[in-house]
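Subject: Structure handover

Hello,

Here is the structure I promised you. Please open it first, then read my notes below.

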Amino acid sequence: MKIPKDIRKNMPVCDCFIKWILDNIPKGSIILELGSGFGTTFKLSKSYKMYSVEDDPKWVGVFDTTYIYAPKKNKYYDVDILKEKIPKKYDVIIIDGPKSISRIGFFDHIDLFNTDSIMIFDDTNRKADRSMLKRVCKKLDKKSKDYDCCCDRVQKKKFSVLNF
Ligand SMILES: C[S@@+](CC[C@H](N)C(=O)[O-])C[C@H]1O[C@@H](n2cnc3c(N)ncnc32)[C@H](O)[C@@H]1O
């Protein structure tokens, strides 16, 4: 495992996020994640078949997952690569990337994704991420369920789930 040097402690999802998945998603399910790391990829790849969309080459090849390297293009992942490489079938999608830019691209390109899968949005305590979630819910005419991360009270971190 070749771990990048510029590791930030606040980047991985919290343990409650991982626990929610382990408690609610059957082992062996297929998970597509947008944004890999020690939280989701490392902790979930033992129990699930993972596909990880990653824009930063430093984070490609670090964990046990099928990487889809899609560098940023036009303020999102390179959409042509997503179209070609993301799997046809998956049970869950985790929205936790790309790095350091808005995730509104997920809404803008929602037709690329399986919106019948269980969708888990991290960081929905943040204004921009909540606003993106609201737009997704409105477009799909669905309601999300919000969860407080019990282990990260200081930042009041939340994640939200659709289709469960
Ligand atoms: C929010 S992070 C994704 C975190 C991942 N889902 C997890 O739970 O560990 C978004 C992007 O930041 C980068 N990254 C992942 N873990 C990181 C860390 N610990 N420190 C700095 N950057 C990280 C990767 O390029 C990743 O695609």
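Pro-98 sits in the loop between S6 and helix H4 (104–108). A cis peptide bond links Gly-97 to Pro-98, with omega at about 5°. Most residues other than glycine have a negative phi, and most peptide bonds are trans.

Two notes on the source. This is a predicted model: local features need pLDDT of at least 70, side-chain atom pairs count only at pLDDT 80 or more, and totals for chains, interfaces and linings use all residues. Residues are numbered from 1 along each chain as its sequence is written.

**Backbone exceptions**

Lys-75 has a positive phi of about 65°, although it is not a glycine. Look for Lys-75 in the loop between strand S4 (72–73) and S5. Lys-75 is exposed, because it has 11 C-beta neighbours inside 10 Å. The cut-offs: buried means 20 or more other C-beta atoms within 10 Å of a residue's own, exposed means 12 or fewer, and partly exposed is in between, with C-beta atoms placed from the backbone.

Asn-163 also is not a glycine, and its phi is positive at about 70°. Asn-163 lies in the segment after S9. With 17 other C-beta atoms within 10 Å, Asn-163 is partly exposed.

**Overall fold**

The protein chain has five helices and nine strands. From the N terminus on, they run α-β-α-β-β-β-β-α-β-α-β-α-β-β. The radius of gyration is 15 Å, close to the 15 Å that the globule rule gives for 164 residues, so the chain is as compact as a globular protein of that length. That radius is taken over C-alpha atoms, and the rule is 2.2 Å times the number of residues to the power 0.38. Along its principal axes, the C-alpha trace spans about 40 × 35 × 30 Å.

Buried residues are 36% of the 164 in the chain. Of the contacts with a separation of 6 or more, 60% join residues 24 or more positions apart. A contact means two C-beta atoms, placed from the backbone, within 7 Å.

**The core**

In soluble globular proteins, nonpolar side chains tend to be buried together. Here the largest nonpolar core has 31 residues. Ile-31, Ile-93, Ile-94, Ile-95 and Ile-120 have the most contacts inside this core. Such a core is a set of buried Ala, Val, Leu, Ile, Met, Phe, Trp, Tyr and Cys residues joined through C-beta atoms within 7 Å. S6 gives the most to this core, with four residues.

Which residues does Ile-120 touch, leaving aside its neighbours within four places in sequence? Ile-120 is in contact with Val-92, Ile-94, Ile-95, Phe-159 and Val-161.

**Strand S9**

Four of the five residues of S9 are buried, so S9 is largely enclosed by the rest of the structure. S9 pairs with S7 in the antiparallel sense over four bridges. Pairing requires that DSSP finds at least two bridges between the strands. In the S7–S9 pair, Phe-121 stands opposite Ser-160. S8 and S9 are also antiparallel, over four bridges. There, Asp-146 has Ser-160 as its bridge partner.

Cys-150 is in the loop between strand S8 (145–148) and S9. Cys-150 is exposed, with 11 other C-beta atoms within 10 Å. Cys-150 and Phe-17 are 133 residues apart in sequence, but 9.3 Å apart in space, C-alpha to C-alpha.

**Around the ligand**

How many residues surround the ligand? There are 18, and the closest are Met-11, Pro-12, Gly-35, Gly-37 and Gly-39. A residue counts as near if its C-beta atom, placed from the backbone, lies within 6 Å. By class, the shell has six nonpolar, six polar and six charged residues. Ala, Val, Leu, Ile, Met, Phe, Trp, Tyr, Cys and Pro count as nonpolar, Asp, Glu, Lys and Arg as charged, and the others, Gly among them, as polar.

Helix H2 (residues 38–44) gives the most to this shell, with three residues. Gly-39 is in H2. Gly-39 is buried, because it has 20 C-beta neighbours inside 10 Å. Beyond four places in sequence, Gly-39 is in contact with Pro-12, Val-13, Phe-17 and Ile-18.

Best wishes

Terms used: Helix = DSSP H or I, 4+ residues; strand = E, 2+ residues; numbered from the N terminus.
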